[in-house]
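Here are some exercises to work through with the structure open beside you. Try each task yourself before you read its solution.

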Amino acid sequence: MERKYLLGNEAIAHACVESGVDFVSGYPGTPSSEVIDVLRAQPDRAYYLEWSVNEKVALENALAAAWCGIRALCTMKHVGLNVAADPLMTSAYTGVTGGLVIMSADDPFAHSSQNEQDTRCYAHFARVPCLDPASVQEAHDMIPTAFVLSEEFGLPVIFRPTTRICHSKGDVTLGDPVPSTRKGEFHKDPRQYVVIPAHTRILHKKLNEKQPAIRKRLVELGFNRFDIRGKIAVIASGIAASYVQELLPAGVSFMKIGAYPIDEEWLGAFVQKHEKILVIEELAPEVEEIVRQVAGCVPVFGKKNGYASYEGELSPPAVAAIMAKAGFLPNNPFPAVEPVQNLPPRPPILCAGCHHRVAFYAIKKVFKDAIYPSDIGCYTLGLQLGAVDTTICMGASITVGSGIAHSGEPRDVICTIGDSTFLHTGIQGLMNAVYNGANMTVVILDNRITAMTGHQPNPNSGATACGVESPPISLDAICRSCGASFVETIDPYDLTGMINVLESAKKRKGVKVIIAKQMCVITARRAGIKRGRYQVDTETCTGCGNCVRFGCPAIEFSKEKARINDLCSGCAVCVQLCPVGAIGREGKK
Amino acid sequence: MSGSFDILMVGIGGQGTILASNILGEACLIEGRPVKGAETHGMAQRGGSVESHIRIDGLFGPLIPPGKADLMIAFDLLEALRYAHYVKKEGRIVVNNHVVLPTSVYTQKLVAPTEDEIIAALKKNSLCLLDADKMAADAGSPLSQNVVMLGAASGSIPLKPESLLEAVRRLVPKKTVEINVKAFESGRAFGSTC
């Protein structure tokens, strides 16, 4: 036993090692990525680990491992579970023999996501248990139980931390690592693993029959608990329970929900001891709906009658406001304060020297009046450059592009997609676009890595998650084999070359693919690649602003002249943008 | 209500706020005190505005409510102003006397307040203004700026300086321990004068 100050995801990873995990798979996605990043960095790994190409692939791998009787962990962000929903729904029928824990991290307020969906709804839909931690310590403590539960009921267990758990820190008491002695062995049993109609009807019945025992067991485990202190009660789940505990006045009862499905009998007995109930939870009214089912004549306050919001994340002031509005706090104890208005925003931006910026610049130059579908990755920040018109989900740039191209829209369609996203779910869109004769240009922004989530390797990187060398996939060969009429690979730091390739593509019909290939500027720096910085000769600079409008954070403008600051990574693209040749290598005048 | 001492650390992605918050957390462990925190990860780190919440003796959630921070440590003047409403009336602000202008100022021609305007606005609180960049360079590395800032704030933090220094030794890269100890001490010496 030791105590450490850890990030939620670090504590979760440690708990997996304490549980003797045998098999780990997942696809990166904020806020879930650090769990596998911590597990793959362990020096003496006794478990198999992979970054998979997408969440469906990851879950199917982990499910098969659990069928072989070993303990498997599969991690993803909430929207990743949409991709993995197909195997999820039926894995509840087939069940597992080894423990299978599916970590799907939710992101209330969409800090780093395209939506605010609630993983608890998936658990409800699939009828599998779901654990929802209220603190970093509880997130840690739930993991070993999740594996045991999974094995006890022969079902996958969903573990659903939120951003404020994954990226929170706390003093955590850790257990000791347990090396596993399990070896995978597949026992053939077609009635379990071949879900033809005759088998699946029986499996569905078995899944439903498991439910009452699961509900009882979750009460015994203590993740759902209460403290009767008066005639009115607050029921809260997940991290909201921590916020409520900070504010709870004397004389108000409290129930904390951390595990689903909730036992209705147990919940009803608590509710009926009170005259008024307030339910506080982030996102969907999962708890509130069950409370309303058992409440009878007891008034319930929550989202459904306008006391709390369906959107966004909670915080101590937000919870205090709900409690005060519903009459559970005499007044809001937090001061009403206003931030200073009209400050220039500082949103995340593409790094100094990021080659995505060059690709967007060239695209806008060649395809002036065009439609720019894009995808999910660092390059979504191309929105600020006016080069991103759509983003919906992973892999949807090429498909949205071909849809627009077939719609009758007369303008050119040129879409952007990163290498990892292309390998995740982009290839199907390319096959489909070529097969169905779309006219469009696809630019694969190939930085050899999954950058935005923290530089995880992918099949394009030349190494596995554990650092073992692997053959880097040929994007060129994939695109050619899909039948694309034009496939060119170009270094986007060569601005003229990039523009020329785009112009050639523009002249042709069919699906044209340009692979803009250059190492991510962050991985290049970490690999020790030094290009040398550039500087502006103030005497030559005319202050035209060409370089400044490019939007690189290394270029500033003061006293009517451009200036290059020490963020410069030496990509030399601004040299090509300057009409008067005022930019040159540092220290060589 | 929570009896925690709440520190908000703000800056720009890449300035080392995460290491600084880890040092505070480690110092709490050394003293056997509970601590909670929350920070910005993911896309927002790409040169964006970042915030780290640290609640010494925190028992509940990791988030500091606006208007309740006892101390703000800001690595950039503009970011200090952006988050100044988090600091309580009697709270203290320790800020690095520099502004990195956001790219929006150049590309969208937005107007940023001047350094003097920012400082005047921050002065409603007890304010300690320091040149952490220079002090870090003097200590031996510009990268020790975050530890200079911690040192300068340490007089207001309810943790023993020995615990903070021990945490610095444990968490910074081995080769830079000497530089960072020097950075902490020069920050601390300066902090006691303002």
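**Exercise 1. Find how many residues of chain A and of chain B are in contact.**

Solution. Count two residues as in contact if their C-beta atoms, placed from the backbone, lie within 7 Å. With that rule, 44 residues of chain A touch 47 residues of chain B. Next, look at which elements take part: helix 11 (238–247) of chain A gives the largest share of its side, five residues. Helices here are DSSP runs of H or I with at least four residues, and strands are runs of E with at least two, numbered from the N terminus.

A note on the model: it is predicted, so local features need pLDDT of at least 70 and side-chain atom pairs pLDDT 80 or more, while totals for chains, interfaces and linings use all residues. Residues are numbered from 1 along each chain as its sequence is written, and chains are lettered from A and ligands numbered from 1 in the order in which they are written.

**Exercise 2. Work out how strand 8 of chain A pairs with strand 2 of chain B.**

Solution. Two strands pair if DSSP finds at least two bridges between them. Strand 8 of chain A and strand 2 (residues 35–39) of chain B have three, in the antiparallel sense. One bridge joins A:G170 to B:K36.

**Exercise 3. Explain why strand 15 and strand 18 of chain A each have one side without a neighbour in the sheet.**

Solution. Write down the order of the open, parallel sheet: 15-16-17-19-18 in chain A. Strand 15 (370–371) and strand 18 (486–490) stand at its edges, so each has a single partner strand. For strand 15 of chain A, strand 16 (residues 412–418) is paired over two bridges, with A:I371 opposite A:V413.
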